[in-house]
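Let's take a walk through this structure together, one region at a time.

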Amino acid sequence: MIWNEAKECMPRADIEALQSARLKKLVDRVYHNVEYYRRKMQEAGLEPMDINGVEDIEKLPFMTNEDLNKAYPLGLLAVPRSEIVRIHATSGTTGKPKIGAYTRRDIDIWAEGVARCMAMAGVTREDTVLVSYGYGLFTGGLGAHYGAEKIGAMVIPVSTGNTQKLITMLIDFQATVIACTPSYLLHIAETLEKENRVDQINLKCCICGAEPWTDEMRAQIEERLHIKAYDIYGLTEMMGPGVATDCEYHTGLHIWEDHFLPEIIDPATGKHVPEGETGELVITTLTKEGLPLVRYRTRDLTSLKYEKCACGRTMARIQRFKGRTDDMLIIKGVNVFPTQVEAALLTIDGTTPHYLMIVDRVDNQDTLEVQIEVEERFFSDEIRGLEELSSKVRAVLKTAIGLNARVKLVEPDTLEHSQGKTKHVVDKRKLYEG
Amino acid sequence: MFVKQLSIFLENREGRLEEALKILKENGINIISLSLADTSDFGLLRLIVSDPSAAREVLKENKFTAQIGDIIAVRISHTVGSLSAILGAVTEAGINIEYMYTLSVGAEGASLALKTSDLEKTIDVIGTQEVHIYTQEELG
């Protein structure tokens with residue numbers, strides 16, 4: 001089902017005309033209302049009249065994570081503070097949280113975006129939607145909630161944390177749709193199987209996101225719960241979930257180009273790559289009022305497909321994510337940078353040991369193993385001494401990244417060393433392959 | 001009074017023990033006694049060898065983590081209660097035994113390697129007992 005056919009199936013020329021008009025207005029707005037943008041544009045020798053449409057977008061400077069940090073918390077606000085009706089934020093494990101600041105209209109557009117995504121998964125006003133994303137600063141819960149309400153479905157805001165309660169609601173209310181992370185849904189499936197209650201549920205589909213997942217996970221979810229699985233994409237700093245979703249043909253995530261202008265650039269040069277080639281996804285929020293972002297570098301590597309989809313939609317499709325331009329890992333939903341691990345290990349005795357992080361997924365749960373080379377300075381001729389070393393490493397990692405890692409002591413020079421960049425991460429989850 | 005012991009860190013991987021022993025063999029180092037302690041992830045090889053410093057050097061060159069430390073080597077008589085008597089004296093003196101293993105030296109009696117929380121004091125305590133304390137030369 002198509003929620004907003006006029007927009008979702010617009011001819012390509014019309015999409016571009018609309019994007020051009022909106023981009024012009026956006027540039028004008030941020031130039032006059034946000035000092036940070038004005039300065040950035042002036043430094044680049046730009047005035048609003050230099051931007052006449054999407055064809056001029058490459059003239060505009062990029063926005064990065066560093067810009068968001070500098071402008072934290074509300075330095076990029078493009079409306080008077082009194083216009084803001086809500087704030088969301090990321091957990092900010094690596095520095096400042098990323099902020100979403102919404103006007104009333106931003107909330108409406110967000111709900112529209114999620115409604116389109118849910119309609120794509122077949123959700124109607126007849127459905128009962130169980131939302132099991134966290135409600136709170138995280139955009140998942142309230143984002144999915146408003147979208148489902150906009151459709152007119154019956155929403156059950158279960159949030160996260162209590163699987164038994166969730167299963168009770170799932171069965172008692174015969175929920176037809178569930179919105180949660182894919183790994184949590186697999187956990188729910190396991191619990192239902194153990195309790196022999198899979199045939200008591202009435203689910204027809206799930207809308208899963210907030211973490212990278214593989215085709216194997218999708219297949220497992222669909223097979224074990226007898227439902228259709230849909231992938232939803234979004235970023236807090238963009239809006240939240242509902243920026244893009246995949247349709248029943250699963251050939252990429254349709255991005256709502258009337259609100260978000262996607263580009264693919266070569267991360268090294270910043271220039272556009274030829275259509276269809278892989279590069280870094282850059283998004284401009286065309287209609288956001290509260291905290292608009294111009295050419296925001298997502299650091300996600302992917303490509304775009306512009307041809308009309310078999311589902312009838314013309315909106316571009318974000319292809320499978322191929323990785324990231326930085327070395328960030330998402331482990332159990334926590335953003336982890338190897339530099340954090342390195343800094344933590346440094347506290348053990350002042351110099352960093354050689355280490356290797358091995359990330360894997362066992363029974364649908366992420367695992368982290370950290371291997372440490374036992375150099376002479378760490379060595380003890382007593383087992384106890386070596387075990388103390390392991391626990392110490394475990395403790396500093398827990399403090400630094402909030403995860404319980406398995407620590408394995410290995411012999412010197414068993415980890416790969418090289419003159420230049422030493423390899424510190426092995427991700428066996430294969431999230432970005434295929 | 002103490003004897004030099006060579007400890008080597010071994011990962012629980014196939015062939016690592018053999019590899020360490022091969023390096024010693026190729027460098028003409030004789031193993032006088034050996035003990036292996038293991039956990040699920042790693043092992044600790046403790047050796048008394050003919051030339052501890054040379055052994056450590058060649059192991060280091062071959063990327064093993066090895067360390068030389070002091071232990072006490074003693075010979076006690078083959079009679080009931082002789083071991084219990086020394087251990088009793090050590091414990092009574094408030095000294096902890098970190099680890100202990102038997103040594104394959106000496107024709108008569110039983111020989112032991114002892115690592116305690118206070119080696120000096122241990123010597124004083126067991127010196128009063130019916131034991132022979134080995135020197136490095138005697139073992140080498």
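Helices (H or I, at least four residues) and strands (E, at least two) are DSSP runs, numbered from the N terminus.

Before going on, a word on what you are looking at: this is a predicted model, in which local features need pLDDT of at least 70, side-chain atom pairs count only at pLDDT 80 or more, and totals for chains, interfaces and linings use all residues. Residues are numbered from 1 along each chain as its sequence is written, while chains are lettered from A and ligands numbered from 1 in the order in which they are written.

Back to the helix. α2 of chain A covers residues 12–33, 22 residues in total, and reaches 31 Å from its first C-alpha to its last, close to the 32 Å expected at 1.5 Å a residue; the expected span is 1.5 Å times one less than the number of residues.

Next, look at some backbone details. Most residues other than glycine have a negative phi, and most peptide bonds are trans. A cis peptide bond, with omega about -5°, joins A:Y72 and A:P73, and A:P73 sits in the loop between α4 (65–71) and β1 (84–89) of chain A. A:H250, which is not a glycine, has a positive phi of about 50°. You will find A:H250 in the loop between β8 (240–246) and β9 (253–255) of chain A, where it is partly exposed, with 13 other C-beta atoms within 10 Å. Chain B has a positive phi too, near 65°, at B:K63. B:K63 lies in the loop between α2 (52–61) and β4 of chain B and is exposed, with 11 other C-beta atoms within 10 Å.

Let's now see how chain B is put together. Chain B is divided into domain 1 (3–69) and domain 2 (71–139), with bounds that come from an automatic or database domain assignment. The C-alpha centres of the two domains lie 23 Å apart. Eight residues of domain 1 are in contact with eleven residues of domain 2, contact meaning that the C-beta atoms of two residues, placed from the backbone, lie within 7 Å. On the domain 1 side, β1 and β2 (31–38) of chain B each give two or more residues.

Finally, where do the chains meet? The contact takes 15 residues from chain A and 16 residues from chain B. On the chain B side, β1 (3–11), β3 (42–49), β4 (66–76) and β5 (97–103) each supply at least two residues.

How values were computed:
A residue is buried if 20 or more other C-beta atoms lie within 10 Å of its own, exposed if 12 or fewer, and partly exposed in between; C-beta atoms are placed from the backbone.
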